[in-house]
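Reader: I'm new to this one. Could you take me through a close look at a single part, the place where the two chains meet?

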Amino acid sequence: MRLVEHDGEKIGVFNCDGRLYAIEDRCSHDDGPLAEGEFDAATCTVECPRHGSLFDLTSGRPKTLPAYAPVRTFATAVVDDTITLEVD
Amino acid sequence: MATPEAVAEKKELAGINADYKEKFGFHDPETGYAYKAPKGLSREVVESISEYKDEPQWMRDFRLKALEHFESRPTPNWGGNLGQIDFDDIHYFVRASEKNSRDWDEVPEDIKNTFDRLGIPEAERKFLSGVGAQYESEVVYHQVNEKLEAQGVIFTDMDTALREHEDLVREHWATIIPPNDNKLAALNSAVWSGGSFVYVPAGVKVEMPLQAYFRINTENMGQFERTLIIAEEGSDVHYIEGCTAPVYSTDSLHSAVVEIVAKPSSRVRYTTVQNWSQNVYNLVTKRAVAQEKATMEWVDCNLGSKLTMKYPSIYLLGPEAHGEILSIAFAGEGQHQDAGGKIIHAAPRTSSSIFSKSISKDGGRSTYRGLLEVADGATESRSKVVCDALLLDEDSRSDTYPTIRIGENDADVGHEATVSKIGDEQVFYLQSHGLDEEEASKMIVNGFIEPVTKELPMEYAVELNRLIELQMEGSIG
């Protein structure tokens with residue numbers, strides 16, 4: 001996992017067994033720092049360290065409460081060994 | 001002159017009023033117990049519970065991870081005073097009987113006598129579709145109507161469900177309340193034992209309620225049941241739980257986790273009549289999700305315990321889902337009922353209501369703590385919150401902590417709150433109709449809680465009224 005910052009927004013970039021996913025580093029429930037949570041590459045999920053909501057990194061959707069709203073996701077690409085994120 | 005019926009009623013009430021200790025507060029000898037864990041919480045205790053139950057590895061891992069969450073979180077410093085709980089002075093697992101029986105005659109004699117005294121088998125015969133009876137850490141008796149079983153309804157204890165329906169359990173387990181949700185949910189997740197598992201297949205309506213009864217017998221006991229209810233599309237079920245414990249001078253802890261999944265167009269009602277003895281800390285996390293057009297209802301009656309902190313929640317996740325919370329709290333001497341409810345509107349055209357009634361007397365404290373949230377996108381949602389508090393004397397206390405967050409302009413949300421005292425004029429009016437002061441006060445209180453009692457099955461409404469009359473006894477004059 002790598003934490004990057006763009007225009008003041010923190011984004012966590014995760015490597016799920018070779019596939020790269022990027023989500024905003026802010027839980028939709030209580031603003032918890034998702035990138036600090038437990039990451040499971042096999043299921044491609046991260047658990048919010050604050051209250052335990054489990055997020056699907058491929059969609060940004062929570063798989064468990066207490067979060068119910070998705071977090072933002074960002075398209076990733078690898079160009080010349082450099083990971084790029086598509087940020088609005 | 002009093003009618004013969006009134007005299008009989010009064011005599012009956014006097015019998016019930018003999019006090020909690022006699023009716024519910026007795027305890028059995030612990031002879032014949034299969035296992036009692038030493039006091040205190042550790043990795044070894046958690047592992048031994050899992051081993052004792054012969055659980056799959058994923059559940060053992062889940063428990064150990066939850067223990068880490070519990071240990072790393074501070075004890076909450078809001079709500080009631082939790083500082084006096086000594087987590088090292090609690091038995092976290094007590095197995096009273098080697099097996100969970102479906103035949104009442106096979107239940108050990110002492111336990112059978114206890115539940116006989118509490119009226120459990122009688123209730124099953126009369127008006128229930130199924131009964132579970134938990135004694136200490138595990139369920140000792142479980143029975144469900146055969147017709148319901150034939151329709152695919154599962155009503156069993158959670159330990160059995162994990163063995164016999166592992167995939168179904170695992171699919172939903174901790175998805176509503178993850179172990180890291182809060183410190184007490186983490187504790188439950190680490191040492192959970194017993195509780196109910198209910199599965200209602202699509203379209204099946206369970207017409208009579210399912211009931212679970214929870215009993216603590218041992219001193220310094222922790223009961224940590226775990227309940228999961230899954231109502232498939234278009235199904236309907238009413239689950240009722242009751243609980244009591246002996247009166248001891250030392251404290252016990254009850255910390256349950258209840259998760260409910262109400263799938264599209266289903267209806268789930270969950271009724272609690274909590275009557276723990278006044279040495280029990282009752283710290284419970286209850287949460288439900290209601291999917292599209294589903295209805296979820298919590299009917300939560302808190303009469304007993306030293307301190308209750310419980311805020312049943314409903315997440316309205318699908319359009320047109322509906323949620324209701326009816327909460328009643330009665331706080332007498334030395335009691336703090338910190339109760340309420342939370343409803344989150346997370347989809348369009350959802351509707352909800354929270355009705356909270358609290359009564360405080362003899363220095364008791366009742367707190368309403370609630371959350372109503374209308375999230376972005378939950379357009380055309382409606383909700384009404386009503387909190388009424390009744391104070392019976394100058395020494396008692398009532399607090400209200402409502403939180404309302406509205407994320408949509410077209411939400412229709414109402415909040416009403418009242419605090420009142422029993423008025424001299426009301427009492428005088430009833431006395432002019434021949435009631436004495438105590439009867440008048442009881443009548444006023446029963447009228448105050450009537451919006452809740454009318455939602456209970458008749459047998460429970462009668463019992464609740466009587467319990468409140470019991471609490472009221474001696475409060476006048």
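Author: Here's a walk through the interface, starting with how to read the model.

This is a predicted model, where local features need pLDDT of at least 70, side-chain atom pairs count only at pLDDT 80 or more, and totals for chains, interfaces and linings use all residues. Residues are numbered from 1 along each chain as its sequence is written, chains are lettered from A and ligands numbered from 1 in the order written, and side-chain values use heavy atoms, with hydrogens and water left out.

Now the contact itself (heavy atoms within 4.5 Å): chain B brings 17 residues to it and chain A brings 13. About 1000 Å² is buried between the two, with carbon and sulfur atoms giving 53% of that; buried area is the accessible area (1.4 Å probe) that two parts lose on being put together, summed over both. On chain B's side, B:Lys65, B:Asn180 and B:Tyr315 supply 37% of the area it buries against chain A, more than any other three residues.

B:Lys65 turns up again in a salt bridge with the side chain of A:Glu47, at 2.7 Å from N to O. The term means a side-chain nitrogen of Lys or Arg within 4 Å of a carboxyl oxygen of Asp or Glu, and the count between chain B and chain A is two.

Helix H4 (57-72) and strand S14 (280-290) of chain B each give at least two residues to the side touching chain A; helices (H or I, at least four residues) and strands (E, at least two) are DSSP runs, numbered from the N terminus.
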